[in-house]
Amino acid sequence: MNTEVFKQLMKASNNNNGFALTLLGVHLVNNRQDVDDGVNMIFLAADAKNVLWAKNIKCYLQNHNPWELPIHHHSLVDSDAREQLENYVAEGDIWAMTILGDLLYQGRVIPQDQDTAEILLGRAANLGCLYAKELVDAYGLSTARAMASDILKKYNYRYFQSHHQQYMHLGLFVVHHYF
């Protein structure tokens with residue numbers, strides 16, 4: 001993680017983004033930069049921000065020494081945490097897109113899906129997330145597919161509701177004007 005990425009992550013954390021706070025905490029712990037601050041950030045995201053992924057990591061940290069193996073390999077993303085990430089992805093949260101994209105690319109704690117990972121990371125990068133851009137480059141992915149894809153719509157129930165309503169209005173229009 002370069003200096004600009006770290007600064008952007010710090011800014012997002014300071015602006016109360018719980019996913020950025022969790023990601024920053026994981027980075028600090030995994031890179032042994034400041035393990036105590038990293039653990040505190042994860043606990044804050046879990047308790048004050050109600051980030052379910054952070055809660056899973058917190059449970060792990062309460063039972064293991066944070067100086068052991070990296071957190072990503074041992075933190076479980078349960079169905080509730082994944083659903084929360086997907087909900088925030090649907091709302092356009094670039095940090096949720098980046099986390100979910102990275103987890104999907106790695107395939108260690110949730111089933112691997114590199115196509116969706118490329119789209120999520122590419123979309124987050126295109127929206128200005130420097131960490132997502134760094135991951136896209138590191139994984140050899142492209143941001144081009146992200147702009148052409150409707151993958152984010154699958155996470156957004158409002159999309160389905162709005163299209164359903166449009167079809168209902170179209171149906172009423174057809175019935176009203178032709179019968």
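Predicted model: local features only at pLDDT ≥ 70, side-chain atom pairs only at ≥ 80, totals over all residues.
Residues are numbered from 1 along each chain as its sequence is written, and side-chain values use heavy atoms, with hydrogens and water left out.

Helix α1 covers residues 3-14. Helices are DSSP runs of H or I, at least four residues long, numbered from the N terminus. The twelve residues of α1 should span 16 Å at 1.5 Å a residue, and the end C-alpha atoms are 16 Å apart, which agrees. The expected span is 1.5 Å times one less than the number of residues. At the start of the helix, a side-chain oxygen of N2 comes to within 3.0 Å of the backbone nitrogen of E4. N16 follows α1 and has a positive phi, near 70°.

Four residues of α1 are buried: V5, L9, A12 and S13. Buried means under 20% relative accessible area, exposed over 50%, and partly exposed in between (1.4 Å probe, protein chains only). Seen down the axis, the buried residues of α1 fall within an arc of 100°, so they line one face of the helix. The arc is taken from the directions between the helix axis and the C-beta atoms. An α-helix has 3.6 residues a turn, so residues three or four places apart point the same way. The cover over the buried residues includes α2 (18-30), α6 (94-106) and α8; contact means heavy atoms within 4.5 Å. T3, K11 and N14 are exposed, on the face turned away from the buried side.

The whole structure holds four salt bridges. Each pairs a side-chain nitrogen of Lys or Arg with a carboxyl oxygen of Asp or Glu within 4 Å. E4 is partly exposed, with a relative accessible area of 46%.

K133 is partly exposed at 38%, as is D137 at 47%.

D47 and K58 also form a salt bridge, with closest N and O atoms 2.7 Å apart. This pair links distant parts of the chain: D47 belongs to α3 (residues 35-47) and K58 to α4 (residues 52-63), eleven residues apart. K58 is buried, with a relative accessible area of 16%.

Definitions and conventions. Helix = DSSP H or I, 4+ residues; strand = E, 2+ residues; numbered from the N terminus. Polar contact = N/O pair within 3.5 Å; in protein donor to acceptor, adjacent residues only side chain to side chain.
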